[in-house]
Amino acid sequence: YLVIISYFIFVIYFSNLMIYVFFQAEDGIRDLVRSRGLGDVYKRQVYCIWLNEKIWVYAVILMHCLILVNQKEGIGIQEVMFSVSVLVGLPVWFIKELIIHKRKIAKTGFDVLLLSFFIIMSVTSFITMMLNNGNPLNYIKEWVIILDFLMFFPIRNSLNSKKDIQILLLMLILLALINGITNLVNYRQNILKAAFQWEILAGRKTANEPISIVLLIIGSTIFAHAKAKKMLLISLILSALGLLFLTISFSRGPIVSGLIAVVIMTTRIKFKNSIKTYLAIIVSVLLGAGLMYVLFPNIIKNIGIAVSSRLGSVASVASDVSLGSRVAESTTILKGYIARSPILGVGFGVNYSFYDPLTQETITRSYIHNGYIWSLFKFGIPIAIYFLFLLLYPIFILLYNNDKSDEFKRALSAGVIGYIICALIMNNTSSQFTQYAGALNMMLAWVFTDYVCRNKDNEITTKDNLKELN
């Protein structure tokens with residue numbers, strides 16, 4: 001509780017400080033004569049950062065890299081750094097918009113729904129956490145991931161043109177490459193001495209499959225629309241890497257869902273472009289196999305057997321031991337926890353216990369594999385349905401606004417729809433919104449949806465933004 005109280009005190013103090021510096025710099029008032037001009041230089045630098053919010057927005061997006069590559073369990077320094085940047089930055093941005101610029105935060109009906117969801121979810125989950133003797137630190141850890149959704153507002157405001165969206169896509173590609181290459185290096189080190197089949201599967205660590213799926217979708221979409229040979233080659237490499245990163249995760253759901261996402265994406269673009277996309281997938285498989293052979297020349301056969309056995313087990317659900325464990329987990333939560341608090345849930349920071357038939361012992365933890373049961377467990381039925389609507393919203397609105405005149409927006413729309421359907425499928429076996437990669441992707445899907453649905457008159461450049469502020 002001291003941590004929460006200290007946070008609000010710090011936010012109020014920091015916000016007042018930023019407003020003070022803003023007006024001092026704008027009015028050219030010296031507050032310290034002994035600075036001899038140096039204070040003015042610092043003020044101009046702060047004023048520049050305050051004025052150009054893209055600096056902070058890009059920094060927060062790239063700071064997700066610290067979370068994605070973190071292989072350790074628990075709360076690490078990377079998560080603390082990211083949390084501080086969001087916990088401090090968001091209140092300052094909201095204050096700047098409301099008090100300094102006197103602009104509305106909620107500009108559309110979806111904005112109102114998203115803000116309402118976050119406020120209701122935060123209050124009710126905090127109350128239920130206290131009633132169920134939850135851990136406040138674990139509450140903050142789980143809550144900050146959902147807080148990432150609110151980055152939708154500053155990102156949406158700062159990314160107004162096609163060039164801005166392209167920069168954001170490049171940053172997503174960069175995050176996916178850093179995450180994938182880090183996992184690839186760690187995995188290679190873990191299995192170089194593997195002597196048994198189970199060691200190949202056990203060598204995988206945190207994979208963050210959603211970000212790899214995004215890389216696969218972006219690479220395939222670029223290949224479908226690219227004409228220059230250079231872009232065709234780059235997009236093929238991106239697709240191959242995305243597929244490779246998914247393969248070494250040995251996760252059946254993400255691999256199958258990723259390919260489904262690409263297929264769905266092809267239904268939303270021109271026929272000739274969809275043919276190119278299927279060609280990209282075929283070539284990506286070949287390139288990925290070649291990369292696997294180069295990286296793991298001695299155990300490539302064992303890896304192939306492991307991947308085949310994992311994918312083959314999809315057809316034999318009844319005999320799959322790990323799926324049986326997840327069914328036992330879900331059944332216990334539905335009957336033992338959700339049934340006792342169906343309206344409000346139990347809140348963040350509260351654990352559950354169940355008997356795991358796989359390990360044959362009772363396990364206590366907070367992570368839930370089924371994302372739909374997770375929302376029922378944490379929020380209760382009404383807010384869980386509310387949350388599901390927010391997830392489905394981009395699909396409804398993009399299908400309704402089916403503008404085929406702008407090829408870039410059409411491709412962006414196809415990628416968003418493909419990814420969201422993919423995420424909703426994966427959410428059955430791996431909760432997509434209790435990890436930063438899934439929350440980041442969903443928040444950016446809302447940003448892209450907002451951009452696609454704008455009129456051309458609403459697209460303004462950075463220069464126009466500066467004129468408006470001046």
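**Talking through the model**

Tutor: Let us start with the chain as a whole, keeping in mind that this is a predicted model. Of the contacts between residues with a separation of 6 or more, 78% are made by residues 24 or more positions apart in the protein chain.

Student: OK, and how many helices and strands are there in the chain?

Tutor: The secondary structure of the protein chain comes to 20 helices and two strands.

Student: What share of the residues counts as buried?

Tutor: The protein chain has 470 residues, and 50% of them count as buried. Its accessible surface comes to about 22600 Å², and carbon and sulfur atoms account for 67% of that.

Student: Can we look at one helix? How far apart are the end C-alpha atoms of H3?

Tutor: Helix H3 covers residues 54–68, and its end C-alpha atoms are 22 Å apart, which agrees with the 21 Å that its 15 residues should span at 1.5 Å a residue.

Student: Is H3 enclosed or open, and why?

Tutor: It is largely enclosed by the rest of the structure, because eleven of its 15 residues are buried. Among the buried residues of H3 are Trp56, Tyr58, His64 and Cys65.

Student: What about H10, then?

Tutor: Helix H10, residues 209–225, reaches 25 Å from its first C-alpha to its last, which is close to the 24 Å expected for its 17 residues at 1.5 Å a residue. H10 is mostly covered, with 15 of those 17 residues buried.

Student: New topic: salt bridges. How many are there?

Tutor: The count comes to six salt bridges. As background, side chains of opposite charge can pair when their charged atoms come close.

Student: Which residue forms a salt bridge with Glu97?

Tutor: That partner is Arg103, and the closest N and O atoms of the pair are 2.8 Å apart. Glu97 is buried, with a relative accessible area of 1%, whereas Arg103 counts as partly exposed at 24% relative accessibility. There is also a network of salt bridges, which links Asp111, Arg156 and Asp450.

Student: Let's move to single residues. Where is Ser431?

Tutor: You will find Ser431 in the loop between helix H18 (407–426) and helix H19 (436–452). Its relative accessible area is 0%, so Ser431 counts as buried. Once its neighbours within four places in sequence are left aside, its contacts are Tyr367, Ile368, His369, Gly371 and Trp374.

Student: And the other serine I clicked on, Ser330, what does that one touch?

Tutor: Ser330 is in contact with Asn370 and Ile373, again leaving aside its neighbours within four places in sequence. Ser330 lies in helix H15 (residues 321–338), and with a relative accessible area of 13% it falls under the 20% cut-off, so it is buried. Its C-alpha atom is separated by 10.0 Å from that of Tyr372, a residue 42 positions apart from it along the chain.

Student: What is the phi of Asn133?

Tutor: It is near 55°, a positive value in a residue other than glycine. Most residues other than glycine have a negative phi. Asn133 is in the loop between helix H5 (109–131) and helix H6 (136–147), and it counts as exposed because its relative accessibility is 70%.

Student: Last one: which residues form a nonpolar patch on the surface?

Tutor: Ile77, Val80, Met81 and Val84 do, and together they have about 350 Å² of accessible area. Val80 is in helix H4 (residues 77–100), and it counts as partly exposed at 38% relative accessibility.

Terms used:
Residues are numbered from 1 along each chain as its sequence is written. This is a predicted model: local features need pLDDT of at least 70, side-chain atom pairs count only at pLDDT 80 or more; totals for chains, interfaces and linings use all residues. Side-chain values use heavy atoms; hydrogens and water are left out. Helices (H or I, at least four residues) and strands (E, at least two) are DSSP runs, numbered from the N terminus. Buried means under 20% relative accessible area, exposed over 50%, partly exposed in between (1.4 Å probe, protein chains only). Contact means heavy atoms within 4.5 Å. Accessible areas come from the Shrake-Rupley method with a 1.4 Å probe; for residues, only the protein chains shown count as cover. Patches are made of residues with over 30% relative accessible area and no salt bridge: like charges are joined within 9 Å, nonpolar side chains (Val, Leu, Ile, Met, Phe, Trp, Tyr) within 5 Å. A salt bridge is a side-chain nitrogen of Lys or Arg within 4 Å of a carboxyl oxygen of Asp or Glu. The expected span of a helix is 1.5 Å times one less than its number of residues.
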